[in-house]
Amino acid sequence: MLHLASRADRLLALLLLAGGIVLGATGCKTGNISPESEVPFARTTFSFDQGIYPSDLDLFPKYTISPGDVLDVLFQIQRNQVERFPITLYHTISVKFVDLPNLNEVQDVLPDGTIMLPYLGAVYVLDKTATELTDELKEKYSGVLRDPELYVTILNFNARIEQLRRDLHTAPRGLSKLVTVRPDGYAAFPLIGEYLVAKKSINQVNAEVQEAYEKFLPGMNINLFLHEQAGSVVYLTGEVAEPGAYEMRKPITVLQAMALGGGFTHEAELRNVVVFRLHEQKRIARSLNVSDLTTTQRDAAFFYLRPDDIIFIPRTRIASLAQLMQQIADIALFRGWSASYSLGESVNFINDTSND
């Protein structure tokens, strides 16, 4: 593959490609624009995203969580008054008899939700309050003892708080936990298990997880933050100096993506640059005539990319999908990308030579 002499030369060539207005001021050919005139360029994208994206050149649409993102879960525990405080598997129960202290018992709740008591054996205590269990035991013991006087207390009512603290004892920022979103879109949260978080907003996941933690421990509040973003990237391949995946922090155009890749090679066919985008479970391909901007055509427009778009700069004119896929298949780097799609996906090819 023949490349331009140096990175500086490649970038200069790309700037010249995108800067026909500057050339016009020095007397070079500039299409229909007279020297020193200013003409605004339109912006465009795929037809199904027209009028929606980009809505603001400095912002992406509403951010959704992606595999590889790292979420920071910050826990806050408030001692709120609750109407009902039930016994859980984490509690230690004290049963004391006023007149018969030899029958007193202090026991941890067993995994099956029971405790063992004299004369009664296994008694199910899970999800009952201390008052409810006291009344129940008085009734049960009335068949064994005359006028039984007893009372039940929960000794370690902070059991779940202590468990949470033990689970987070390595956190450098206090009661917080970093949670990584797996490739399948799930994230495992302390004490409440796994939740599907991919393609949801931070606020959506925060609300779902908050509800689960509130059920686990009344008074527990959580705040969810995006600690580390896996990255919004575009993929650049074909006749470009440095193919690869490039991070985009805001909407960028095809020309800007080419600049990130060091510019195009001498063999690049700029009249037939192809952009792939995933839409409704199909990979849509659109052909663009980037060379229109070299002559600053009045109907030229800058084509804006979305995260995960693929930009392919071919070496010859492409007339069919089969020819397009053959050129792509010849590039080993393209096959090696760990993107969220594969060449086996359904592809619609729009042989559209509209402007970039």
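## Contacts of Val70

Val70 touches Leu178, Val179, Thr180, Phe225, Leu226, His227 and Glu228, leaving aside residues up to four places away in sequence; contact means heavy atoms within 4.5 Å. The C-alpha atoms of Val70 and Val179 are separated by 5.6 Å, although the two residues are 109 residues apart along the chain.

Val70 belongs to strand E2 (residues 70–77); helices (H or I, at least four residues) and strands (E, at least two) are DSSP runs, numbered from the N terminus. With 10% relative accessibility, Val70 counts as buried, a term for under 20% relative accessible area (1.4 Å probe, protein chains only).

## Basis of the model

This is a predicted model, in which local features need pLDDT of at least 70 and side-chain atom pairs count only at pLDDT 80 or more, while totals for chains, interfaces and linings use all residues. Residues are numbered from 1 along each chain as its sequence is written, and side-chain values use heavy atoms, with hydrogens and water left out.

## Aromatic pairs

The structure holds three aromatic pairs; rings of Phe, Tyr and Trp (its six-membered ring) pair if their centres lie within 6.5 Å, and planes over 60 degrees apart count as edge-to-face. One of the pairs, Phe75 and Tyr213, is edge-to-face, at 5.2 Å centre to centre and 85° between the planes. Phe75 lies in strand E2 and Tyr213 in helix H5 (residues 202–216), so this pair ties together parts 138 residues apart in sequence. Phe75 is buried at 4% relative accessibility, and Tyr213 is buried with a relative accessible area of 0%.

How values were computed: Buried < 20%, exposed > 50% of the residue type's maximum accessible area, 1.4 Å probe, protein only. Phe/Tyr/Trp six-rings, centres within 6.5 Å; stacked < 30°, edge-to-face > 60°.
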